[in-house]
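Open the model in your viewer and keep the selection tool at hand. We will go stop by stop.

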Amino acid sequence: MHKILLVDDEKNMLAMLERILKSDEVEILKAASGKEAIKLVKKEQPQLVVMDLQMPEMDGLTAFTEIKKITPKQLVIMMTGFGTTNTAIEAMKLGAYDYITKPFDPPKMQEIVANALKASELMNEVVVLDDVLEAKDVNLNVRAIIGMSTRMQEVYKKIGQISGSSIPVLLIGESGTGKELVARAVYHNSNRNNKPFLAINCAAIPDTLLEAELFGYEKGAFTGAVERKIGKFEQCNGGTIFLDEIGDMPMQTQAKILRVLQEHELERVGGSETIKVDVRIISATNKELKKQITDGKFREDLFYRLNVIQIDLPALREHKQDIPDLITYFLKRFNYEFGKNISEIPKKTLDQLIAYHWPGNVRELENIIKRAVVTTIGKTLKVDFTHVSLAATGKSIPIIEDTVVALPSVSSFEELLDSMTDAMLERMLTLPDDNLLRADLMGKLEKLLILKTLDKLKGNQVQTAKLLGITRNTLRSRIEHYGVQA
Ligand SMILES: Nc1ncnc2c1ncn2[C@@H]1O[C@H](COP(=O)(O)OP(=O)(O)OP(=O)(O)O)[C@@H](O)[C@H]1O
Ligand SMILES: [Mg+2]
């Protein structure tokens, strides 16, 4: 449920706005003056404020400045009458989200409001890491990054290392691996988490417009530039910008970004005034930037500036052991969202989901579980595999008897092992039909397991034997056999 606060001294305007903005997901609050608005912002913490600039007593700009003092992250859309857009532009410089000129078309207002609510969600929805996730967090206002595999723990470690700082971060990973989610976690753990967070998808905006969007422009800078526009960097001053799909950014814009990073300054398109900005940049790409550099499509100097810390998001097929936890998490979320009570998943279904190679990564898994939750009747999850190109793996999926098992518990060691073994088996099926090679692999696996466990437990053999469920003597003989250095 979103709360929108409407502020206008004209009753008719408030009524009209309420009519066009109210929905099942939106609760409307109304204020007739700036003073009243300030009170309501404190008390109700709305996701969005839509406010008139001209009001008696306290004008909109003053009210806006006060509101920003209370909540620097507050998203505000300004409404201005004809001839007062200058004040609206002033408000944008101070961090207003957008403005609209009266009279406006309702669809235009609805569009701006929808965009603002999306931005508010990205900024305000807390993102927690799996290792600190609590049961009560599985609701609609908290997002979690799930997965306790080594690969995911490396991600958490990096997020932890840079928490409280403002250094640039580059996120690299295939589509659907959680780059946006991690960007938000980095932001929530930064020293700028009480300042705005704005996301820009560089691939979704045409090259010619991207620069204008990021840096703004002056009146007359190009055809159609009827008045000055404030860009995202200026608007987001003091905050964090998430530049998504940075590999798609044109060279010319890259040069300007480099300047922001090095000199903390910019000029609006068509302008000569130098503007100082202080913005943290988190960027993401699913492209091979190194290759882009070789191809002359990405500036090497910019790469090193953006890449002070690099976080690699693993493809889902590289951390299959997290699949059961992810499924459990999505089931809980969608049970909650769609009012269902699904508590079981057939073992065969689980095995199929683990065996699949997931080209669309976690997003694909999330979508499949969502669709399944919506269409399932009863308490056993029924997954429709017709949209999943399981055949694309090139292997048949082992059919295991279709018994129903309880949902895997998030921390069960056996289950983890079980899913890892399945993933391993799947890999082994791709190997040439050579028994020696396979036997060798089994040995390697045991050795690796012992090594890793010892390593984790700082060489403590008693604990290692206990964890692996073997006697200490067996462990000793294995260590000797494999020549493992304890
Ligand atoms: N480890 C994870 N735990 C829980 N949910 C995840 C995880 N990784 C991704 N998701 C979910 O999967 C979906 C896709 O994630 P996200 O948008 O962050 O991916 P992305 O890497 O930005 O993809 P793209 O490159 O296509 O933009 C989101 O709904 C996100 O919440
Ligand atoms: Mg993304």
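**The whole chain**

Start with the surface of the protein chain. Accessible areas come from the Shrake-Rupley method with a 1.4 Å probe; for residues, only the protein chains shown count as cover. This is a predicted model, in which local features need pLDDT of at least 70, side-chain atom pairs count only at pLDDT 80 or more, and totals for chains, interfaces and linings use all residues. Residues are numbered from 1 along each chain as its sequence is written, chains are lettered from A and ligands numbered from 1 in the order written, and side-chain values use heavy atoms, without hydrogens and water.

Switch to cartoon. The protein chain has 19 helices and 18 strands. These are DSSP runs numbered from the N terminus: helices are H or I with at least four residues, strands E with at least two. Of the 486 residues, 48% count as buried. Buried means under 20% relative accessible area, exposed over 50%, and partly exposed in between (1.4 Å probe, protein chains only).

**Ligand 1**

Now check the oxygen atoms of ligand 1. One lies 2.5 Å from a side-chain N or O atom of Ser175. An oxygen is also 3.1 Å from a polar backbone atom of Glu180. The protein buries 89% of the 630 Å² that ligand 1 exposes when taken alone.

**The cores**

Next, show the largest nonpolar core, with 77 residues. A nonpolar core is a set of buried Ala, Val, Leu, Ile, Met, Phe, Trp, Tyr and Cys residues joined through side-chain atoms within 4.5 Å. Met109, Leu171, Phe233, Leu243, Ile257 and Ile311 have the most contacts inside this core. Helix H5 (residues 106-124) gives the largest share, 8 residues.

Centre on Ile257. Beyond its neighbours within four places in sequence, Ile257 is in contact (heavy atoms within 4.5 Å) with residues including Leu214, Phe215, Met249 and Leu302.

**Helix H8**

Select residues 207-215, helix H8. Leu210, Glu211, Ala212, Leu214 and Phe215 are buried here. The buried residues of H8 pack against several elements, among them strand S9 (197-201), helix H9 (232-235) and helix H10 (251-263). Just after H8, stop at Gly216: its phi is positive, about 80°.

**Glu265**

Move to Glu265, in strand S13. Is Glu265 buried or exposed? Glu265 counts as buried, because its relative accessibility is 18%. Show its side chain. One polar contact, of 3.1 Å, goes to the side chain of Arg259. Another, of 3.2 Å, joins Glu265 to the side chain of Lys276. A polar contact is a pair of N or O atoms within 3.5 Å; within protein, one must be able to donate a hydrogen and the other to accept it, and residues adjacent in sequence count only if both atoms are side-chain atoms.

**Glu25**

Finish at Glu25, in the loop between helix H1 (11-21) and strand S2 (26-31). Glu25 counts as exposed, at 53% relative accessibility. Not counting residues up to four places away in sequence, Glu25 touches Met1 and His2. The C-alpha atoms of Glu25 and His2 are separated by 6.0 Å, with the two residues 23 apart along the chain.
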